Amino acid sequence: MQERTGLPPTGGDSTRPRPTTPSPDRTGSVTDVVSLDRAGSVTDVESSYRADTGTPGTTGSPLHDATGTASEAGPRETAPDSAPRDSAGAEGPAVAGAVVEPPESARGAGAVVEPPESTPPPGSPAEAAVRPGRPAREPVRVLLARVVAAAAGGILLFLAFPPLGWWVTAPLGITLVVASVYGTRPRRAAWLGYLAAAVFLVPTLSWVRTIGDDVWAMLVAVESLFYAAMAALASPVFRLRLWPLWFAGLWVAMEWARGLVPIGGFPWARLAFSQGESAYTGFAAVGGAPLVSFAVVLSGALLAHALVSRVLPAYAARPARGGAARKLAPVALAVAVPALTLAVPHPGDEGRTVNVGIVQGNVPGRGMYALGDEPAVVLKNHSAETERLAAAVRAGKLPRPDLVVLPENSTDIDPYRDAFARATIDASVKAVGVPTLVGAVVAIGDTERATRSLVWDPVTGPGAHYDKQNLVPFGEYTPFKDIVLALWQRASLVGRQSVPGTRPGDLKMGPVTVGAVNCYEVAYDGTVRGTVRTGASPIVVQTNNASYALSNLPPQQLAMSQIRAVEHNRAVVTAATTGISAYVTPDGKVSWRTRELVADMNVVTVPVRTRETIATRVGALPEWALALMGVAAVGVAVWRGRRQADRTGKG
């Protein structure tokens with residue numbers, strides 16, 4: 001190919017061309033700088049700049065004349081498939097920006113021109129990300145590919161969650177989400193992240209439709225903002241070495257923030273809760289749910305690293321090096337991450353067991369009116385099923401229980417204030433003959449209430465109790481009550497405002513002290529951990545899913561119980577009004593479960609374990625460390641970007 005003038009000069013006696021920073025010429029445009037691959041060929045550069053505005057130009061750079069300078073006519077759009085002609089009129093390679101071919105004498109045998117190790121290739125989109133101003137426009141096909149990847153990634157994340165529970169699609173979904181935002185500026189990364197989150201959360205949180213489609217839409221809209229913010233912050237992080245690690249830490253920070261704000265947070269749909277029984281579950285015993293999420297994201301990001309280095313090489317912060325083995329190293333590491341769970345220590349059995357009776361009484365209604373119109377029907381159903389359990393024990397069909405667990409809201413009448421409710425519960429507990437954990441909503445004063453786990457003894461009656469700490473906003477209490485009640489009629493269905501409890505749920509029942517956890521709060525790390533740290537075993541989850549029967553909420557909640565079992569080395573017993581009631585072993589396996597919308601009962605023999613896992617002992621430290629790591633990486637990336645921008649500005 002004919003040598004062109006305008007080639008950046010080489011330094012000293014070296015025959016190796018030296019990469020230089022683009023600088024304005026007299027016409028006000030910028031001469032593109034290119035790098036050579038190891039064969040000495042020209043690497044295409046996909047962006048150009050206009051020095052008169054200090055911003056990147058559009059895709060397609062000024063055509064160069066025979067002197068190697070930009071034409072004064074200014075930049076012209078070049079179709080992606082067209083081929084610009086060189087000074088002799090011959091067709092050159094089809095590139096997004098103009099290129100300059102060095103002379104043969106300057107290349108030498110096997111000579112390579114590479115950017116400095118600490119900076120992205122000059123003129124590449126990765127370098128454009130560190131410059132001030134607007135990003136270069138991408139070809140439409142590239143933008144469409146990003147949109148498709150973001151949406152497909154969101155779908156794969158949804159498929160990982162129960163009831164489908166295809167856990168392996170979670171890291172694959174992360175791979176596509178990362179690929180969609182890799183190499184973009186923060187603003188574009190933000191809306192692509194929002195798109196992926198919305199596609200993921202719309203079906204995953206579809207159980208909220210029971211309350212109303214408007215509530216469902218508002219919840220998805222608000223929660224997706226966290227993913228958008230994370231994607232925007234991740235944009236500069238992709239320029240750092242080991243960026244899959246920093247991105248995974250940033251994901252943990254995002255999930256931490258989601259579980260904290262607004263109005264108490266919403267930790268449902270955390271990535272860890274798609275891994276109830278998977279190759280990643282074992283990480284819960286070391287760092288709880290946050291470490292499980294981190295491991296899944298790290299695997300997906302490593303796969304994305306391998307993908308973008310082949311599909312988007314022009315956006316890479318550094319050119320790919322090494323042979324095939326080195327290029328496949330991220331894939332090998334992604335597969336190796338879940339294998340690390342084999343090294344996680346697991347406390348063994350302690351030789352103690354307890355027989356726990358589980359009662360699921362069912363309710364007549366559905367949706368927002370699940371309790372039906374008949375007074376005391378929920379109380380009657382659960383009392384009748386408890387007596388049926390007692391009859392099965394007397395007949396020898398079931399082993400004698402040491403204690404019995406009823407669901408949250410197993411009585412729809414306050415037994416402290418209503419004589420009929422008190423007598424009905426007392427009769428069924430006397431029939432079974434062992435301490436029974438009753439779920440009740442009880443009045444506190446004249447205007448408030450508490451969601452209570454109440455120990456009912458067959459001899460002494462109601463005794464110790466635990467009041468739910470994490471309350472459901474708009475379900476058990478109304479945030480900004482005066483405004484919301486004035487604007488939203490359905491908010492009045494809350495009735496009395498619930499008040500949160502202030503102590504953990506360790507309750508002495510027969511031969512053991514159980515750890516009571518109430519429904520919604522099984523998603524909160526600190527609440528469950530605080531109860532387990534009292535020494536309570538097993539964990540008992542009382543839940544009322546009647547309004548969400550046959551939706552994807554009950555199986556999602558069961559997956560949370562699986563994570564908690566592994567996290568704390570505890571058996572988990574769940575009693576639900578309409579299902580799913582279940583028993584989960586300390587290694588996270590569902591040993592027994594009910595169907596939904598049926599009355600059912602059983603007695604299960606569960607191990608009593610009191611040894612703590614690493615996760616129980618260290619608490620939130622792994623989450624803080626991982627989140628801080630991700631946030632610190634953002635700071636480092638932004639600082640380096642500004643330094644690079646200062647350098648290029650001086651050049």
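Are helix 4 and helix 8 parallel or oblique to each other? In this predicted model, the axes of the two helices come within 7 Å and cross at roughly 50 degrees. Angles under 35 degrees count as roughly parallel, and those from 65 to 115 as roughly perpendicular. Helix 4 and helix 8 are therefore oblique to each other. The handedness of the crossing, in which helix 4 passes helix 8, is right-handed.

The chain as a whole provides the setting for this pair. The chain has 651 residues, of which 55% count as buried. Its secondary structure comprises 17 helices and 15 strands. When contacts between residues at least 6 apart in sequence are considered, 71% join residues at least 24 apart.

Helix 4 covers residues 169-181, and helix 8 covers residues 284-311. On the side of helix 4, the contact is made by Ala170, Pro171, Leu172, Ile174, Thr175, Val178 and Ala179. These residues meet Val296, Val297, Ser299, Gly300, Ala301, Leu303, Ala304, Leu307 and Val308 of helix 8. By class, 13 of the residues in this contact are nonpolar, three are polar and none is charged.

Thr175 is one of the residues of helix 4 in this contact. Beyond its neighbours within four places in sequence, Thr175 is in contact with Gly300, Leu303, Ala304 and Leu307. Its relative accessibility is 8%, and because buried means under 20%, Thr175 counts as buried. The C-alpha atom of Thr175 is separated by 9.9 Å from that of Leu156, a residue 19 places away along the chain.

Two packed helices are described by the angle between their axes and the distance between the axes. Helix 6 passes helix 7 in a right-handed crossing. The residues of helix 6 that take part are Glu223, Phe226, Tyr227, Met230, Leu233, Ala234 and Val237. Their partners in helix 7 are Trp243, Trp246, Phe247, Leu250, Trp251, Met254, Ala257 and Arg258. The contact of helix 6 with helix 7 has 13 nonpolar residues, two charged residues and no polar ones.

Two further residues were examined individually. Arg146 is located in helix 3, which spans residues 140-160. Is Arg146 buried or exposed? With a relative accessibility of 3%, Arg146 counts as buried. A polar atom of the side chain of Arg146 lies 2.9 Å from the backbone oxygen of Ser180.

Val604 belongs to strand 15, residues 600-607. The relative accessible area of Val604 is 6%, so this residue is buried. Which residues are in contact with Val604, leaving aside its neighbours within four places in sequence? They are Val354, Asn355, Val356, Ile358, Tyr583 and Trp592. Val356 is 248 residues from Val604 in sequence, while the C-alpha atoms of the two are 5.4 Å apart in space.

Conventions
Residues numbered from 1 in each chain as written. Predicted model: local features only at pLDDT ≥ 70, side-chain atom pairs only at ≥ 80, totals over all residues. Heavy atoms only, no water. Helix = DSSP H or I, 4+ residues; strand = E, 2+ residues; numbered from the N terminus. Buried < 20%, exposed > 50% of the residue type's maximum accessible area, 1.4 Å probe, protein only. Polar contact = N/O pair within 3.5 Å; in protein donor to acceptor, adjacent residues only side chain to side chain. Left-handed = near helix turned anticlockwise from the far one by under 90°. Contact = heavy atoms within 4.5 Å. Nonpolar A, V, L, I, M, F, W, Y, C, P; charged D, E, K, R; others polar. Axes fitted to C-alpha atoms, helices over the stretch in contact; angles between N-to-C directions. Parallel < 35°, antiparallel > 145°, perpendicular 65-115°, else oblique.
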